[in-house]
Amino acid sequence: MSEFVGGSDPPSPALSMASSSEPSKSGGTSAGFDANRIAEVKAWLVAQFDAAGKDVPDFEYTPRSIAHLHNIATLSQAKTQAAAIVANDFRHKAAEYRSQAARIREILEHVGLVQESLPANVVSSSQVLAGVANLLNIRDTELSSFLVAMADLSLRKTAVEEKRAKVQQESKELLDYTRKAIARLTYLKRTLAQLEDDIPPCESQMETWKTNLAIMESKENQYLQQYSNYKALLNRVGYSPEISHGVLVEMAEHKKDLEKKTKPILDTLRSYQDLPPDKALAALAIEDKKRQYAAAEKYLEDVLQSALASSE
């Protein structure tokens, strides 16, 4: 019963269709149907356990268990019937073989070829011949049958040898692949060990880089803040990009040149302070110096404009 309970074979399609197409009606029909199914299951269980010399164990009869056991019982009965048919066929064939053997023995006795009257070497040769025939799976002892069987056996041997050579070649290739894989694995293990050894110094270097990065970030923020402050200060004092260090140096040099050029004029003006107080001459001298001073201012302005233009 265990082989049926294990469920190694599925239930028959007709039984599955019958169980799936059964109407779920309420009332006396359904109750009667369930009672019939339970009775069939109980009878089958009693028959199976009686055959094994045991009692049927107690269990709860639920719709699910009854349906499952009914399927198993139906399948078991179908298999039992099939086994009985096959057994009857085998018994019938055995009876036919026995009758044929008796007829052949009777014929051999009539011609004097019964086994007891044959020499021992003939009996042994016949047994060897029968064994070879059984080994070659032939039904007669004709030479042609032996030749055909031997040729078939030779072909199968050749096919087996070819398959064996192919398998050996594949095995050799797999062995080469395995050796390469082992060498590669060894190399990877060695590389992994080396990388694991390199982890501590790399981690310390990374920590140093992190510290330096934090310092650089703080310095960057500090420089950005200073740049912002300087920019605000330059905007506050009216700095423009046109006023650069080179322009200021050039203007200072022009200023020195102008101071050198105007110094004689200033000395002359100071010398005029020592002249007698002639109003007309003093006025003329003053007007002349004013013109020279205006010319110097104009020259200075032209130089500054040219310097600004060149810087742009």
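**Figure 1. Contacts across the whole chain.** Among contacts (heavy atoms within 4.5 Å) between residues at least 6 apart in sequence, 56% join residues at least 24 apart. The model is predicted: local features need pLDDT of at least 70, side-chain atom pairs count only at pLDDT 80 or more, and totals for chains, interfaces and linings use all residues. Residues are numbered from 1 along each chain as its sequence is written, and side-chain values use heavy atoms, leaving out hydrogens and water.

**Figure 2. The helices of the chain.** Here you can find eight helices and zero strands (DSSP runs numbered from the N terminus, with helices being H or I of at least four residues and strands E of at least two). Of the 312 residues, 10% count as buried, meaning under 20% relative accessible area with a 1.4 Å probe, protein chains only.

**Figure 3. A look along helix α4.** Helix α4 covers residues 63-111. Buried residues of α4 include Ser65, Ile66, Leu69 and His70. Just after α4 comes Gly112, with a positive phi of about 80°.

**Figure 4. Where α5 meets α6.** Helix α5 (residues 120-136) packs against helix α6 (residues 143-237) at about 50°, and their axes lie 10 Å apart. The contact brings together Leu129, Val132, Ala133 and Leu136 of α5 with Phe146, Ala149, Met150 and Leu153 of α6. These contact residues comprise eight nonpolar, no polar and no charged (Ala, Val, Leu, Ile, Met, Phe, Trp, Tyr, Cys and Pro count as nonpolar, Asp, Glu, Lys and Arg as charged, and the others, Gly among them, as polar).

Key: Axes are lines fitted to C-alpha atoms, for helices over the stretch in contact, and angles run from 0 to 180 degrees between N-to-C directions. The expected span of a helix is 1.5 Å times one less than its number of residues. Buried means under 20% relative accessible area, exposed over 50%, partly exposed in between (1.4 Å probe, protein chains only).
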